[in-house]
Structures are given as structure tokens and as C-alpha cells.
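Hi everyone, thanks for coming. I'd like to walk you through one structure today, so please have a look at it while I talk.

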Amino acid sequence: MNKYVAEPYKVKVVEPIAVTTWEQRKKAIEEAGYNTFLLRSKDVYIDLLTDSGTTAMSDDQWAGMNLGDEAYAGSENFYNLLKAVKEVYGYEYVIPTHQGRGAENLLSQLTIKPGDYIPGNMYFTTTRAHQELNGGTFRDVIIDEAHDSDSEYLFKGNICLDKLKSLIEEVGAEKIPYICMAVTVNLAGGQPVSMQNLKDVYALAGKHHIKVMFDATRCVENAYFIKKREAGYENKSIADILKEMMSYSDGCTMSGKKDCLVNIGGFLAVNDEELYTRATQMVVMYEGMPSYGGLAGRDMEAMARGIYEAIDYHYIHHRISQVQFLGDKLIEAGVPVVRPIGGHAVFLDARKFLPHLEQEKFPAQSLAAEIYLKSGVRTMERGIVSAGRDKEGNHHKPALELVRLTIPRRVYSYAHLEVVADAIIDLYQEREKIKGLEFVYESPVLRFFTARFKHVD
Ligand SMILES: *Cc1c(COP(=O)(O)O)cnc(C)c1O
């Protein structure tokens, strides 16, 4: 059997991509202020910026787009979405939102009071920003292994129960509106949470009457890792594992742009009727009616269909296999990456890649810009720039200083990923030439999206 499984689909439509020269790329990255977010997509050869909304939808999803029921209220597509979420994830109530952060906004506003604490398994950018905007303080309670790019622990997304217990003792359960549990953990390297840990956290939370809310963005990838790595799950279907996972939570925020296989969309799902009712009152302010929440009928239909497609074993097996392929190529060549390879991306360890650059010179930001310049491959910084500043204005300094090579779903071939690996391996040979950066422009929130930089000597 092949180590890396072949595509479980064939290609029906193609989109040509740009082949650029070094001179063109030099001009483009200078104009973008050395921020890959500010590049124009027409100047990018292989786009590994993100797996968010970059999925290739299936013919069945596109067919569904033609069945959009664009009634203002009570669209049939909403009911299809509701049915999919109930059947596949098991939640009772669903409010569609324009994307994941729309759901984060609702949940944070509805549940967080100033002075509250929200424990989580490592922060995520938009999630923490919404928690802080509502006066909450995020507390990282992920296990220590998650902050160590060399640890081969198989469930680096797990919450440390002792850290969680100490926080509950320190601030009191009434100051913790919910535990925010990401499955998988994006910024730890796409690392999964074990079923045992989900069970334990839910039990502990229940004892203290604290809700557990999942950031379910990559829950199918998490289910796949449980099947492959956790004893007792090897013969269970992805659908059964996923259903069990979600049963250890009270609801979730979802970015449909990832594991629901769509280009836009998300939702808030809960089991608590009272919370749902309050969410319906709030969603009309920010998104739209509770039965469309910022989405067209056709978008809800594509998401409903994507939810079912994602739990097909052949789909998820191939997806993770592609990510593993890229990771293995880099590991074989000695390039420092976060291990084990996660579910949606390969993460370069920029501290080890560029040991001559201290963190304040933004090594991961600089590396992402150099990768683009060398190869036309677009990646993303996930280090000190993404982490932002604390309330006192100091940089958050994450232990992990990473460049993320994110694989869009069903978009690129193994040959594309080989090109990416070769470019990075070449760059690794000339790494000491890479210089640090400093800010030219920095926005006060979520600065990584729009910041501009120049080289420092
Ligand atoms: C993408 C993402 C979000 C936010 O979702 P959007 O659809 O981009 O608003 C939240 N959490 C995680 C882990 C994500 O990857």
C-alpha cells in the first residue's frame, strides 16, 4: 500500500495559477510591507496562507448552490443545515453566522462579564480578541508539551487538568463562564485532543457547573487522529467518534470555512435553550435573522452538504496524508518543524530555522516573506506578531515562533507540495542570510492582518 493515499476525487474544473519571476516577487513583497497577508493573490504561485475558505467544493456542493432558497425568513436551506448539525455533531440549536468569528462574537458577548476568565487550550487570535473585547481574560491551560516543538506527544492539544483546577481555585467557578476547548489546536501546530481528555475536562467542568464550548473548527481532523492514535477507537467510524467528541461539550463555535468544506460560513450551536434564545435576540443586531445569520440560502446549503462530506473516511484520510507528506519531506531534509505533524498544516520552527534572529526581530514574519520571495509560495506567520500585545502594551511572547504552511482542502496535488518542500529545503541552506524586520505600521488589534515592516540590519 502507498504510504500517501491518492486523491479520492478527480478534477472537473481547473484554475490556472501565476508563475512569477524573482523580480516580480521582490516588487510584490516590498509593496506588501513584508506581510504575506497583503500580497495580491494574482502574484502567488502556491497559496498556503490558510486553509480557511480556500477549499475546493464538490460537484454536489455546487449543485446545492443552485438550490438556494433565498427567502428572507425560513429558508429551506436553513433547515437542511440544522439537520446536518444535529445529525453529525449532535447539537440541538444552531444559529448560522457569516463565519467563525461571528459566532465567537455572539458567544463572548452573551456569556462574558468584565473580570471573567476563559481557560483555553492555547489562544486563537480572533477567539481571544473577542474574549478580551468583552472584558474577559484568557488563560492558557494546555499541557506543557504543546509549547515544545520537539515533543512527540500524540495529543499535544490536551488541557492540563491541574492547570484548570488551579485556575478554578484561584478565581472561583462563578468567574469562568465557559471553558474554550479547541479541537484541534491550530496554534500548537494543528495538534489533537484525546477523547479521554475531552471526557475528563467535561466531567471536571460539570462538577463546577462550568460550560464547555468547543472551537470545533477542525473537529473532523481531531476525530481522525483519535481513530489513528487512541486505543479503542481504531475500528470506529469518523462519524461515531465525532458524535462522541461533541457529546463532551455544551455547544460550539464553528468556522465552516475549514471542516465544513465551504468558502464562507459558520455557526454557533448550543444545547441550552435559554442561551439559544438570547443568541437569537443578539444575532439580529450583527448578522441577520436567526434563520440565515449573514449567509445566503445557497451558502447554508453548501455548508450542510460539506458537513456530511467531511466525515467520509476517504476524504479525511487523504487530507491528513497530504499534510503528512509535506511534513515528512521537510523532516527528512533536517528542516526544523513542529512534531508530530498536525492536521491542517506543517509549521516551521522559526527559532531553530533562524537562530541568529531574536524574537523581537520577528523571525517567523521574515521567514514567511523570504519563502515567498524565493518560490512564490505564500505562508503565514504564527508567532510574536500574531500574538499581539497585552493590556500593558508589551508583546505577548509565545514560546512557539512559527511559519504555517497550511494545506487547502482538495486544492493542490502532491507534486505542488514537493515544489514547496524543495523551495524551503533550499532556503534552509542559505538561512543565515535572512534578516530581521521592524514595524512600519501596526494596528492595535489583530495586527498581523495589516501590519507593515521593513528590514533591520
Ligand atoms: C479560523 C478560525 C477561527 C475563526 O473563524 P473565521 O471563520 O476565520 O472567522 C476560530 N478558531 C480557529 C481555531 C480557527 O482556525
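I'll start with the ligand, then go on to salt bridges, and finish with some backbone details.

A word on ground rules before that. This is a predicted model, so local features need pLDDT of at least 70 and side-chain atom pairs count only at pLDDT 80 or more, while totals for chains, interfaces and linings use all residues. Residues are numbered from 1 along each chain as its sequence is written, and side-chain values use heavy atoms, with hydrogens and water left out.

Okay, the ligand. Which residues are closest to the ligand? There are 14 residues around it, and the closest are G100, R101, D215, S255 and K258. To be counted as near, a residue needs a heavy atom within 4 Å of the molecule. Sorted by class, that shell has one nonpolar, seven polar and six charged residues. For the classes, Ala, Val, Leu, Ile, Met, Phe, Trp, Tyr, Cys and Pro are nonpolar, Asp, Glu, Lys and Arg are charged, and the others, Gly among them, are polar.

Now the contacts with ligand oxygen atoms. In the side chain of Q99, an N or O atom sits 2.8 Å from a ligand oxygen. For K258, a polar side-chain atom is 3.0 Å from an oxygen atom of the ligand, and for N186 that kind of distance is 3.1 Å. How much of the ligand does the protein bury? On its own the ligand exposes 370 Å², and 95% of that is buried by the protein. Those areas come from the Shrake-Rupley method with a 1.4 Å probe, and for residues only the protein chains shown count as cover.

Two elements give two or more residues to the shell, α4 (100-111) and α5 (125-133). The largest share, three residues, comes from α4. When I say helix or strand, I mean DSSP runs numbered from the N terminus: H or I of at least four residues for helices, E of at least two for strands.

D215 is part of strand β6 (residues 211-215). Is D215 buried or exposed? It counts as buried, at 9% relative accessibility. The cut-offs are under 20% relative accessible area for buried, over 50% for exposed, and partly exposed in between, with a 1.4 Å probe and protein chains only.

On to salt bridges. We have 32 of them in the structure, where a salt bridge is a side-chain nitrogen of Lys or Arg within 4 Å of a carboxyl oxygen of Asp or Glu. One of them pairs D328 with K3, with the closest N and O atoms 3.4 Å apart. This one links distant parts of the chain: D328 is in helix α12 (residues 313-332), K3 is in the segment before α1 (22-31), and they are 325 residues apart. D328 is buried, at 11% relative accessible area, whereas K3 is exposed, at 63%.

E301 is buried, at 5% relative accessibility.

And then there's K329 with E418, at 3.5 Å between the closest N and O atoms. K329 lies in helix α12 and E418 in helix α16, so this pair ties together parts that are 89 residues apart in sequence. There's also a network of salt bridges linking D51, R218, E221, D259, R319 and R409.

Last stop, the backbone. There is a cis peptide bond between V183 and T184, with omega about -10 degrees, and T184 lies in the loop between β5 (178-182) and α7 (195-207). The bond from R339 to P340 is cis too, with omega near -10 degrees. P340 is in the loop between α12 and β9 (345-349).

Which phi value does Y34 have? It is positive, about 60 degrees, although Y34 is not a glycine. F362, another residue other than glycine, has a positive phi near 55 degrees. Y34 is buried at 15% relative accessible area, and F362 is buried at 3%.

Definitions and conventions
A polar contact is a pair of N or O atoms within 3.5 Å; within protein, one must be able to donate a hydrogen and the other to accept it, and residues adjacent in sequence count only if both atoms are side-chain atoms.
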